[in-house]
Amino acid sequence: MIELTVNGTRHRVDVVPEMPLLWVLRDELGITSAKYGCGVAQCGACTVHIDGKAVRSCQSHIGEVAGKSVVTLEGLGNKDQHPVLQAWIEHQVPQCGYCQTGQIMQAISLLTKISKPTDEQINQVMSGNLCRCGTYPRIRAAIHAAAAKKMAEK
């Protein structure tokens, strides 16, 4: 049995240590916001936070995650008031929506590290999250808006 905390709840799963966290989240725990995109950590659709750091769950083996804290989109506190989620809605970021949970989790991680990122910093940090619909300008605008909202709340 492998223990981990997901979205504040402790879980014990009976899986092989090499199983990707993505499959544990989706198939064992029924948490579906992290998506399968490429399976090789190149697209970012499966991005979650492990101990506060944005990681690709498709390449994070559950054995390596044992005892750690995982947060998915479902686990964000006060979702209706979250500045990144509000900015995503205000700037109408999603088109098809498939990549959006990974984009959002990566953006939250970025804003945790850099409170007022430049376009270059946003491009650099978000470059590993692919959007086939090409909503990158809206993603960038939403990140700037979320950063401004977070600064105004301080």
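Between the two domains, 16 residues of domain 1 are in contact, meaning heavy atoms within 4.5 Å, with 13 residues of domain 2. Domain 1 covers residues 2-75 and domain 2 covers residues 79-153, with bounds that come from an automatic or database domain assignment, and the C-alpha centres of the two lie 21 Å apart. The model is a predicted one, in which local features need pLDDT of at least 70 and side-chain atom pairs count only at pLDDT 80 or more, while totals for chains, interfaces and linings use all residues. Residues are numbered from 1 along each chain as its sequence is written, and side-chain values use heavy atoms, with hydrogens and water left out.

**Overall fold**

- The chain holds six helices and five strands, where helices (H or I, at least four residues) and strands (E, at least two) are DSSP runs numbered from the N terminus.
- Along the sequence these elements follow the pattern β-β-α-β-β-α-β-α-α-α-α.
- The radius of gyration of the chain, taken over C-alpha atoms, is 15 Å, close to the 15 Å that the globule rule (2.2 Å times the number of residues to the power 0.38) gives for 154 residues, so the chain is as compact as a globular protein of that length.
- Taken along the principal axes, the box filled by the C-alpha atoms is roughly 45 × 35 × 25 Å.
- Of the contacts in the chain with a separation of 6 or more, 57% are accounted for by residues 24 or more positions apart.

**Burial and charge**

- The chain has 16 positive side chains (Lys and Arg) and 13 negative ones (Asp and Glu), with His and the chain ends not counted.
- The centres of these two sets lie 6 Å apart, each charge being placed at NZ of Lys, CZ of Arg, CG of Asp or CD of Glu.

**Helix H1**

- In helix H1, which spans residues 21-28, the residues Leu-21, Leu-22, Val-24 and Leu-25 are buried.
- The buried residues of H1 pack against strands E1 (2-6), E2 (9-13), E3 (47-50) and E5 (69-71), and also against helix H2 (62-65).
- Just after H1, Gly-30 takes a positive phi of about 70 degrees.

**Ser-109 in helix H4**

- Ser-109 lies in helix H4, which runs over residues 100-113, and counts as buried because its relative accessibility is 3%.
- Leaving aside neighbours within four places in sequence, Ser-109 is in contact with His-49 and Ala-54.

Note on methods: Buried < 20%, exposed > 50% of the residue type's maximum accessible area, 1.4 Å probe, protein only.
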